[in-house]
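Student: Hi! I have a new structure open and would like to talk it through with you. Can we start with the surface and work inwards?

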Amino acid sequence: MTRTTLAALTAAALWSIQAPTPAAAATGLEQLQLLSDAFAELSESVKPAVVAVKTEKEMVRIEPEGRPGPPFEDFFPFRQPEGGLQKGLGSGVIISADGHILTNNHVITGGWRPTDSPADHIRVELSDGRIFNPRIVGRDPGTDLAVLKIEADEDLPFLALGDSDQLDVGEWVVAVGNPFGQLHTVSSGIVSAVGRSPRVSEYEDYIQTDAAINPGNSGGALIDLGGELVGINTAIASRSGGYQGIGFAIPVNLARKVMDQLVEHGEVRRGMLGIYMGEIDSDLSASLDLDSRKGALVTEVMEDTPAEEAGLKAYDVIVAVDDVPTDGPAALKSYIAHQPPGTEVQLTVLRDGRQRTVTAELAPLERERLASTREEPRGQEKLGLAVRELTEEVADRLGFSEEEGVVISRVQRGSPAALAGLRRGDLIIEIDREPVGSVREYREAIEEADGRALLLIRRKVREGTLTDIVSLRIPQ
């Protein structure tokens, strides 16, 4: 049964049932039965390529600091502690006849932290009951993907890789996995949205679906009506820990790029542009005289990076890369991260109301360098804000030419800074009644604060300048 046939059956069935005559209604019921048979045939054809991934780990799992809480519940994979042993059950997808399997990294590690190690024992169980001990080809915590390899005496059933870029919102999809230990369960739904960033992994460009996904589905298959793999089911949004209609899958086009590098190199080699980015809200859109909120706002350019060499500047808005529209920072970050070092990218940039194109050759991503150039030290990350020096250019932009202080360049949603009412663009001029003239002085003042800090801030509003005192809670 082809994708086109299923679509035609769906349209015919719906049209016939709405028709007024008994004959047409009968035809509609027949079409619905054919549609039902088509889904059954599709399910049977794909189930053999979806496997159960069972893990055992002696180490007790530690909840990672800063991991998203509700509505993103910790339920992948399903775990049942037995003494000092933790067992996990997730899913995987065979994507080649020689036994390569795509799954989630957290399925084989039992955790979402990049530092989590693989389980002590991993087993793969096929739909026919065969059990294999797989080899870990490679894993990528950044996208939460991993590739396993099993060895069989004959070719294995596998799923062909589709094209997730061609998915349409509203299109029917089928999810296959092992929810709550119920092996090879099939559910159906539609594509609810694409390009989602639920903030459960570092590089995100998720497919959102309402196909039922539950604990144990992680690493399983999201299938289109042509029987091709279009996504790897990864997470859900839920306040109960179970299905509530919002699930997320890693697009297969992204998974294919990661898999190819893991198979070839055992790791993912990423390119780096060298910028910090921010989202564009309605206020920023108006202030920058933009026609849209789409794009990635450059908040800072790192020294000696491709971005600096290409001439990028703070307040630039990157609206496309290689002629691919950029909806926001997550999309740009994901695109850049999945280009190998040395790749030349064409960036379409809006600056002062004019569009220009710049070329940048990506450098190798260096984690150590990124860590050393963060805007705030690690001990202050819990505040949920970042600050930068008030340079002459920034002061002119924000209208703080006669002031001294540090500018807030980023505020994380739900953080103590956000709850205190701080915003990006606010100028911090005093902390606990002491002047703050540099990022160093800001950091020292925050380190010395005991539980709470009083911040004297200035904020540009339509009427002019607003001065306010904010009490900021300092997490211990």
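Student: Which residues gather in a patch of negative charge on the surface?
Tutor: Glu303, Asp304, Glu308, Glu309, Glu344 and Glu361 come together there. Keep in mind that this is a predicted model.

Student: Where is Glu303 found?
Tutor: Glu303 sits in the loop between strand S17 (296–301) and helix H6 (306–310).

Student: And is Glu303 buried or exposed?
Tutor: Glu303 is exposed, as its relative accessible area is 59%. The cut-off for exposed is over 50%.

Student: Let's go inside. How many residues does the largest nonpolar core have?
Tutor: That core has 34 residues. Leu102, Leu145, Leu159, Ile223 and Leu229 are the ones with the most contacts inside it.

Student: Which elements each supply at least two residues of this core?
Tutor: There are helices and strands on that list: helix H2 (22–46) and helix H4 (252–265), along with strand S8 (145–149), strand S9 (172–177), strand S12 (221–224), strand S13 (229–236) and strand S14 (247–251). H4 gives the largest share of the core, 6 residues.

Student: OK, switching to charges. How many salt bridges are there?
Tutor: The count comes to 11 salt bridges. The cut-off is a side-chain nitrogen of Lys or Arg within 4 Å of a carboxyl oxygen of Asp or Glu.

Student: What does Arg130 form a salt bridge with?
Tutor: Its partner is Asp128, and the closest N and O atoms are 2.9 Å apart. Arg130 is partly exposed, with a relative accessible area of 28%.

Student: Which residues are linked with Arg130 in a network of salt bridges?
Tutor: Asp128 and Glu154 are linked with Arg130 in that network.

Student: What about Asp316, which side chain does it meet in a salt bridge?
Tutor: Asp316 meets Arg351, at 2.7 Å from N to O. This pair links distant parts of the chain, 35 residues apart: Asp316 is in the loop between H6 and strand S18 (317–321), while Arg351 is in strand S20 (residues 344–351).

Student: Are those two buried or exposed?
Tutor: Asp316 and Arg351 are both buried. For Asp316 the relative accessible area is 1%.

Student: Where does Asp144 lie, and is it buried or exposed?
Tutor: Asp144 lies in the loop between strand S7 (135–140) and S8. Asp144 counts as buried, at 3% relative accessibility.

Student: What about phi of Asp322?
Tutor: Asp322 has a positive phi too, of about 50°, although it is not a glycine. Asp322 lies in the loop between S18 and strand S19 (324–325), and it is partly exposed, with a relative accessible area of 26%.

Student: Last one, contacts along the fold. How many residues apart in sequence are Ser188 and Phe39?
Tutor: Ser188 and Phe39 are 149 residues apart in sequence, while their C-alpha atoms are 9.1 Å apart in space. Ser188 is found in strand S10 (residues 185–196), and Ser188 is partly exposed at 48% relative accessible area.

Student: And where does Asn104 lie?
Tutor: Asn104 lies in the loop between strand S4 (100–103) and helix H3 (105–109). Asn104 is buried, with a relative accessible area of 0%. From Asn104 to Gly90, the C-alpha distance is 8.5 Å, and the two are 14 residues apart in sequence.

How values were computed: Residues numbered from 1 in each chain as written. Predicted model: local features only at pLDDT ≥ 70, side-chain atom pairs only at ≥ 80, totals over all residues. Heavy atoms only, no water. Patch = residues over 30% accessible without salt bridge, like charges linked within 9 Å, V, L, I, M, F, W, Y side chains within 5 Å. Areas by Shrake-Rupley, 256 points an atom, 1.4 Å probe, with all protein chains shown as cover. Lys, Arg positive; Asp, Glu negative; His and termini not counted. Charge placed at Lys NZ, Arg CZ, Asp CG, Glu CD. Helix = DSSP H or I, 4+ residues; strand = E, 2+ residues; numbered from the N terminus. Buried < 20%, exposed > 50% of the residue type's maximum accessible area, 1.4 Å probe, protein only. Core = buried A, V, L, I, M, F, W, Y, C linked by side-chain atoms within 4.5 Å.
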